Amino acid sequence: MMNRNISFTINAKPVSFQVDARQSLLDLLRAHGYASVKEGCGVGECGACTVLVDGMPVDSCLYLALWADGRTIRTTEGEAREGKLSRVQQAYLDTGAVQCGFCTPGLIMTSTAFVEKHKGRADVSRHEIRRAHAGNLCRCTGYEGIIRAVEQCLTEKGGLDPAPACACDLADETPEE
């Protein structure tokens with residue numbers, strides 16, 4: 001085994017770990033108590049393990065822990081502050097986007113990145129929201145609540161969080177209302 005020391009920031013807290021060169025970021029985070037990062041498929045297909053790396057959604061099951069060295073990582077645990085849910089987390093609750101909850105943390109992180117990227121844009125389409133969430137699979141929600149959550153976050157004033165979840169029905173080209 002080849003171990004290396006790495007340091008990065010996770011949820012605004014600097015950390016250092018000794019990692020095996022073959023270890024995924026998912027395995028490292030789970031081993032250190034970040035329970036929101038779920039292993040669904042283990043091959044980058046479901047998005048349950050999505051975290052933000054320097055603001056970009058990443059499947060942590062495919063991302064080597066070594067690559068996190070010097071980066072900023074965000075997980076769902078770090079989104080709530082001072083006992084208050086982030087805008088995206090609250091929007092998920094408000095719109096009924098949460099069902100069984102297994103995929104929810106990954107969806108929230110994808111939504112957060114989307115909302116932060118599109119903050120202030122009133123012309124974001126449902127199709128764009130769906131496409132942005134295409135890497136996140138959910139068997140429970142039907143995605144409608146997730147889309148509404150993202151729309152809610154994009155239309156709210158202030159704050160700094162996102163909100164949707166998934167875009168699985170890319171074949172649905174129905175015109176928006």
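Reader: How are helix 2 and helix 5 oriented to each other?

Author: Two packed helices are described by the angle and the distance between their axes. This is a predicted model, in which local features need pLDDT of at least 70, side-chain atom pairs count only at pLDDT 80 or more, and totals for chains, interfaces and linings use all residues. Residues are numbered from 1 along each chain as its sequence is written, and side-chain values use heavy atoms, with hydrogens and water left out. Here the axes of helix 2 (residues 87–95) and helix 5 (residues 144–155) come within 8 Å and cross at roughly 130°. Axes are lines fitted to C-alpha atoms, for helices over the stretch in contact, and angles run from 0 to 180 degrees between N-to-C directions. Helix 2 and helix 5 are therefore oblique to each other; angles under 35 degrees count as roughly parallel, over 145 as roughly antiparallel, 65 to 115 as roughly perpendicular and the rest as oblique.

Reader: Which residues of helix 2 meet helix 5?

Author: Contact means heavy atoms within 4.5 Å. Arg 87, Val 88, Ala 91, Tyr 92, Asp 94 and Thr 95 of helix 2 do so, and their partners in helix 5 include Ile 146, Ala 149 and Leu 154.

Reader: How do strand 1 and strand 2 run, and how many bridges join them?

Author: Strands pair if DSSP finds at least two bridges between them. Strand 1 (residues 3–10) and strand 2 (residues 13–20) run antiparallel, joined by eight bridges; Asn 5 stands opposite Gln 18 in strand 2. The two strands form a hairpin with two residues between them, and Asn 11 in the turn has a positive phi of about 50°. Helices (H or I, at least four residues) and strands (E, at least two) are DSSP runs, numbered from the N terminus.
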